[in-house]
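Hello,

Here is the structure I promised to pass on to you. Please have a look at it, and then read on for what I found.

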Amino acid sequence: MHVRLASTANDDATPALYAISKGWFRDAGLDIDLQAATNGAAVATAVAGGIVDIGRSNVVPLITAHARGIPFTLVAPSGSYFEGVGSSGRIVVGKSSAVQRARDLNGLTVSVASLNDIQTIAARAWIDKDGGDSSSVKFVETTGQEAAIALDTGHIAAASLVSPLLGQLVQTGKYRVLGDPTAGIASRLMEAAWFSTTAYTAKNPAVIKKFSTIIGRASAFCNDHPDQTAPLLAAFAHLDTDTVAHSPRDKYDVTLVPGDIQPLIDAAARYNAIPKSFDAREFIDPNAL
């Protein structure tokens, strides 16, 4: 069966890339077409419009979509956060910046890939946890290399970045990592997931079961063998393999765990991204558990 996927070109897509390269989807009867997207909003639009069947996004936009009644449902795990392990996102500043800790960002401008997503919520929680006032911080949407340009020109004080761009910029020596904002939410959580619409999953339960199982299997391998997956990610992200190989790499949950998603839902409610919290099990497809 032909299955259309979409994902941004970051490390969270690596398990799918590996499974495709090994023919695991093909062996299960799934003809996978993976398309690169510019951002998570584009992925969500494509899934909602039926242009693709399954997309990958950070979890916060999916949480906000669920709260608005948009029929998205999680079908497989993706990038997860384990404090002190893997890359996750980091807040980066210029090497000579006077900003030394989270609360020093009070009143300053910080860039994120997308407003009100996991980067924004994590940064706010991290600043507040350090005794700062995140309501005084101005968050702006800046993607890719534009973040480096904005730092260089002083248009922003800090940028929230993920791999592989995170490693690429830090390796230049022009920037330094200020901290790990996701720790402001929880020591463990699922940051991204593969998702579809409830209409698609209802019609294709066997596809979802196969897809989720294969992604879990690939995630387990990728957690233990980052060196073997660097060329795959480099090709997908149009980066040099050596850059990816020497960058911090993501870690992945191998199953969808409601307890790893709930902290994000609660944080989204706390920072008014959604009206109120809800049970994570509400938007996980049962065929994916």
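Strands here are DSSP runs of E with at least two residues, helices are runs of H or I with at least four residues, and both are numbered from the N terminus. Two strands count as paired if DSSP finds at least two bridges between them. The model is predicted, so local features need pLDDT of at least 70 and side-chain atom pairs count only at pLDDT 80 or more, while totals for chains, interfaces and linings use all residues. Residues are numbered from 1 along each chain as its sequence is written, and side-chain values use heavy atoms, with hydrogens and water left out.

Three strands form an open sheet in the order 11-5-13, with antiparallel pairing. Strands 11 and 13 are the edge strands, each pairing on one side only.

Strand 5 (residues 79-82) has three bridges to strand 11 (residues 188-190). In that pairing, Y81 has L189 as its bridge partner, and F82 stands opposite R188. Two bridges join strand 5 to strand 13 (residues 251-252), where Y252 is the partner of G79. Strand 5 is covered on both faces: G79 and Y81 on one side, S80 and F82 on the other, are all buried (under 20% relative accessible area, 1.4 Å probe, protein chains only).

The other spot is T201, in helix 8 (residues 198-203). T201 is buried, at 4% relative accessible area. Beyond its neighbours within four places in sequence, T201 is in contact (heavy atoms within 4.5 Å) with T73, V75, S196, I208, D285 and N287. The T201 side chain also reaches the backbone oxygen of T198 at 3.1 Å.

Best wishes

Note on methods: Buried < 20%, exposed > 50% of the residue type's maximum accessible area, 1.4 Å probe, protein only. Polar contact = N/O pair within 3.5 Å; in protein donor to acceptor, adjacent residues only side chain to side chain.
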